[in-house]
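The exercises below are to be worked with the sequence and the 3D structure open. Each one gives a task and then a solution in steps.

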Amino acid sequence: MPKIRFLLCFNSLLLLLINNESFAQCCSSGNPFISDAEQPALQSKVLTSSLTYRYSHASKYYAEDSPFNDLPFEQTSYSNYAEFQVGYGITNWLTVMADLGYFFNKTLTTTGQDPYKGYGLGDAELYLKFNAYTNPRLKFSISPSIGMKFPIGVFDQEVDNVQLPITVQPSSGSYKYTGNIFVSKGMGKKIALAAFVSYEYSQLIESDNFYYKYGDQWIGAIYFNYHIWKGLGIDLQVRNEYRAKSTRENDEIVEASGYDVVFFTPQLTYAFKHNWYLSAYSDIPVYKYYNGIQMSFGYAVSARITKKIDFIALKARKEAKK
Amino acid sequence: MKRFFVVSFLFLLLLAACAKKDAVKLSDSIQIVSLTASLNPVKAWDTTVITVVATGDSLQYGWKANHGNFTGGGKQIRYAAGECCVGLNTITCRVFNNTGEVSDTVMIRVTSYIHPKKK
């Protein structure tokens, strides 16, 4: 049985890698960064599953660190996005996590033109999180993880046989490899501090008329968590997202690509009975730097519902009832 | 439960991986006579009109670009690309009917928008 599972898994990855020929455009970065991914590894036989909804909005062009208002039109870009995430603690030191994104719409409006609207599956991610070090007495843990993103959604969506712009395509079109590390430290009963660093490498997209590679991405975040009252907690996060410039045909550097943005992300979470959690948060950029002239990030608001199941506790409860 | 999630996820991946595109059927009865752009090179965010002239019955037209955006459709389309797409871009026009399809490409150079700080 373990052999069959391994073969299934291996074949899936192989098929996905082989099926890399239908891509035809550039520039989208795929699923948005969902800031809750950075949790410590789960305990053995603990399952978490969450559903996140996110609305994001952008309408300002930036040239380097300043708004750029000289363009002879106005554009607005917005999306409604949902992400399903599931994680399971295989052992106390290994957690498997997967997520899948879906865009209900990814819309670009320009004055004097019909809007462009794309929709559909985005990228899927599969990653392994390790419980490298835990000290319950010090409330200190270190959880590195490695993962891979699969562009399972479409990257060449058309309307009436005309290809939509890349900015509204739901998938990034590129396989990506990520490595992260999450460190957390509890301070007393009500406060916790955490830090997260992530690196992402994008695979080259290459087909007949297309050659494109997204720049590498680095994300660094620090978190302050405070337990306000009963099940209510607040998280304050400062996050820096940096992406290097992309490369296109003939190994030309795409000068108007790549950015450095600092976000402030406040989050409220309420823990209900039976391990249900409800969170709401927003991503607010406090510093933006874009190479060349690019549409800049505006804001995003998100809501998430999470369910956690501890199978060991469940089994113990059932046996106690007997 | 664990098995259910693992199998479901792998099944979804397999479905996505197996969605191969249909093979292209080339047509002998369609011919592309010309594929031209009104403006080439074109500055970032300016528009050029691309026109295809083709012979054949009940023709339909499809458009793709490796970088940049289209507005409109049919045998004449408007193409523009932002600063992200500066360089030599490939526009592919596909002409098709019930006998099959043919396609051709035109290369359009998109030049940089003048940055006010560099004026």
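**Exercise 1.** Leaving aside its neighbours within four places in sequence, which residues is B:Ile108 in contact with?

*Solution.* Begin with the conventions. The model is predicted: local features need pLDDT of at least 70, side-chain atom pairs count only at pLDDT 80 or more, and totals for chains, interfaces and linings use all residues. Residues are numbered from 1 along each chain as its sequence is written, while chains are lettered from A and ligands numbered from 1 in the order in which they are written.

Next, apply the contact criterion: the C-beta atoms of two residues, placed from the backbone, lie within 7 Å. With sequence neighbours up to four places away left out, B:Ile108 is in contact with B:Ala37, B:Asn40, B:Val42, B:Thr48, B:Tyr79, B:Asn89 and B:Ile91.

**Exercise 2.** Describe the largest nonpolar core and the elements that contribute to it.

*Solution.* A nonpolar core is a set of buried Ala, Val, Leu, Ile, Met, Phe, Trp, Tyr and Cys residues joined through C-beta atoms within 7 Å. Buried means that 20 or more other C-beta atoms lie within 10 Å of the residue's own; with 12 or fewer a residue is exposed, and in between it is partly exposed.

The largest core has 32 residues, and those with the most contacts inside it are A:Ile293, B:Tyr79, B:Ile91, B:Ile108 and B:Val110. Two or more residues come from each of E2 (61-64) and E20 (276-295) of chain A, and from each of E3 (47-55), E4 (60-65), E6, E7 (87-97) and E8 (100-111) of chain B. Strands here are DSSP runs (E, at least two residues), as are helices (H or I, at least four), numbered from the N terminus. E7(B) gives the most to this core, four residues. Apart from it lies another core of eight residues, including A:Met97, A:Leu100, A:Ala124 and A:Tyr127.

**Exercise 3.** Find the strands that E2(A) pairs with.

*Solution.* Pairing requires at least two DSSP bridges between two strands. E2(A) and E20(A) run antiparallel and are joined by four bridges; within this pair, A:Tyr62 has A:Gln294 as its bridge partner. E2(A) also pairs antiparallel with E3(A) (residues 66-67) over two bridges. There A:Ala63 is bridged to A:Ser66, and the two strands form a hairpin with one residue between them.

**Exercise 4.** Give the strand order and the edges of the open four-stranded sheet in chain B.

*Solution.* The order is E1-E3-E6-E5, with antiparallel pairing. The edge strands, each pairing on one side only, are E1(B) (31-37) and E5(B) (69-73). Neighbouring strands of the sheet are turned by 20° against each other on average, direction ignored; the axes are lines fitted to C-alpha atoms, for helices over the stretch in contact, with angles from 0 to 180 degrees between N-to-C directions. E5(B) pairs with E6(B) (residues 76-80) over five bridges, and B:Asn69 stands opposite B:Ala80.

**Exercise 5.** Is A:Gly120 buried or exposed, or partly exposed?

*Solution.* A:Gly120 lies in E6(A) (residues 116-130). A:Gly120 counts as partly exposed because it has 17 C-beta neighbours inside 10 Å. Beyond four places in sequence, A:Gly120 touches A:Phe103, A:Gly153, A:Val154, A:Gln157 and A:Pro170.

**Exercise 6.** Which stretch of chain A has pLDDT under 50 throughout?

*Solution.* pLDDT is the predictor's confidence in each residue, from 0 to 100. Chain A averages 87, and 89% of the residues score at least 70. The stretch is residues 1-28. Where pLDDT is low, the predicted coordinates should not be read in detail.
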